[in-house]
Amino acid sequence: MNYHLQNQSQSHENHALKPRKKRLDRDQHRLLEASFNANQKLKAEHKIKLARQLGLPPRQVEIWYQNRRAKNKNNAMEHGYRNVQLELGNVLAENSRLENYISMLEHELNNVHQMILFGSTTSASILASVSGSSNEQDSTSQGNMICNWRDAGNDGRFRVDELYTCLTGSGNPLLPLS
C-alpha cells in the first residue's frame with residue numbers, strides 16, 4: 001500500500017513538471033485544418049514548419065494529425081453504416097413487395113389449377129374471380145375481357161394459349177415454345 005502511495009506522489013510531481021498543453025486557438029485550428037485538407041499525411045519537415053508557425057511542439061502537431069485522421073475514419077464508418085441501413089430498409093421493402101406478389105400469383109395459379117381440374121361448372125365462378133368480375137357478359141375492351149365457358153371447346157376446356165389470354169386480359173396470345 002505504501003508503495004502505491006509513493007508512486008502516486010511521484011506521478012503527481014512528474015505531472016507538475018510537464019508544461020500543460022494549451023488548447024488551440026481559432027487561428028491555429030484553421031491553419032491545421034487547412035494543412036490537413038491539403039495533405040492528410042504529415043511529413044517530418046512539414047510538421048516542424050507547422051509547429052514553428054503555430055508555436056506548438058512538433059509532437060502536439062503530430063498527435064493532432066493522428067486524432068484528425070481517426071475522426072475522419074470514424075465519420076466515414078458512420079456514413080457507411082447509415083448507407084447500409086438505408087439499403088437494408090429498401091431491400092426489406094422490396095422483399096415484402098415481392099412476397100406479396102408471389103402470394104397473389106400463387107393464389108391465381110391455384111385458381112387456374114382448380115379451373116382446369118374441375119371443368120366448366122366450378123371453373124366459371126373461379127374464372128370470374130380471377131378475371132375480377134362475376135359478370136359473364138362479353139366485353140369488347142381487352143382490358144376488361146371476360147372469358148365465358150361458351151368460348152371453350154366442346155369438352156368445356158380452354159386451350160392453354162386461350163386461357164393465358166383470358167387470364168392476362170391481353171390481346172397477345174401465349175407464344176409457343178420452340
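User: Is arginine 59 buried, partly exposed or exposed?

Analyst: In this predicted model, arginine 59 lies in helix H4, as does glutamate 62, which is 3 residues apart from it, about one turn of the helix. Since buried means under 20% relative accessible area and exposed means over 50%, a residue at 47% relative accessibility, which is the value for arginine 59, counts as partly exposed.

User: Which residues are linked with Glu62 in a network of salt bridges?

Analyst: The side chains of arginine 59 and glutamate 62 meet in a salt bridge at 3.3 Å, N to O, and the side chain of glutamate 62 also meets that of lysine 47, at 3.0 Å, N to O. This second pair links distant parts of the chain, with lysine 47 in helix H3 and glutamate 62 in helix H4, 15 residues apart. The residues linked with Glu62 in the network are therefore Lys47 and Arg59.

User: Is lysine 47 buried or exposed?

Analyst: Buried residues are those with under 20% relative accessible area. Glutamate 62, with a relative accessible area of 23%, is partly exposed, whereas lysine 47, with a relative accessible area of 18%, is buried.

User: What separates aspartate 27 and arginine 30 along helix H2?

Analyst: The side chains of aspartate 27 and arginine 30 meet in a salt bridge of 3.1 Å, N to O, and both residues are exposed. Because they are 3 residues apart in helix H2, the separation between aspartate 27 and arginine 30 is about one helical turn.

User: Are helices H2 and H3 roughly parallel or roughly antiparallel to each other?

Analyst: The axes of helix H2, residues 26-38, and helix H3, residues 44-54, come within 10 Å and cross at roughly 160 degrees, and the crossing is right-handed. Angles over 145 degrees count as roughly antiparallel, so H2 and H3 are, in relation to each other, roughly antiparallel.

User: How far apart are the C-alpha atoms of glutamine 28 and leucine 56?

Analyst: Glutamine 28 is found in helix H2, and at 13% relative accessibility it counts as buried. Although glutamine 28 and leucine 56 are 28 residues apart along the chain, their C-alpha atoms are separated by 9.4 Å.

User: What is the accessible area of the nonpolar surface patch that includes Met104?

Analyst: Methionine 104 lies in helix H4, residues 58-131, and at 35% relative accessibility it counts as partly exposed. Together with Tyr101 and Leu105, Met104 forms a nonpolar patch on the surface, whose accessible area is about 260 Å².

Key: Residues numbered from 1 in each chain as written. Predicted model: local features only at pLDDT ≥ 70, side-chain atom pairs only at ≥ 80, totals over all residues. Heavy atoms only, no water. Patch = residues over 30% accessible without salt bridge, like charges linked within 9 Å, V, L, I, M, F, W, Y side chains within 5 Å. Areas by Shrake-Rupley, 256 points an atom, 1.4 Å probe, with all protein chains shown as cover. Salt bridge = Lys/Arg side-chain N within 4 Å of Asp/Glu carboxyl O. Helix = DSSP H or I, 4+ residues; strand = E, 2+ residues; numbered from the N terminus. Buried < 20%, exposed > 50% of the residue type's maximum accessible area, 1.4 Å probe, protein only. Axes fitted to C-alpha atoms, helices over the stretch in contact; angles between N-to-C directions. Parallel < 35°, antiparallel > 145°, perpendicular 65-115°, else oblique. Left-handed = near helix turned anticlockwise from the far one by under 90°.
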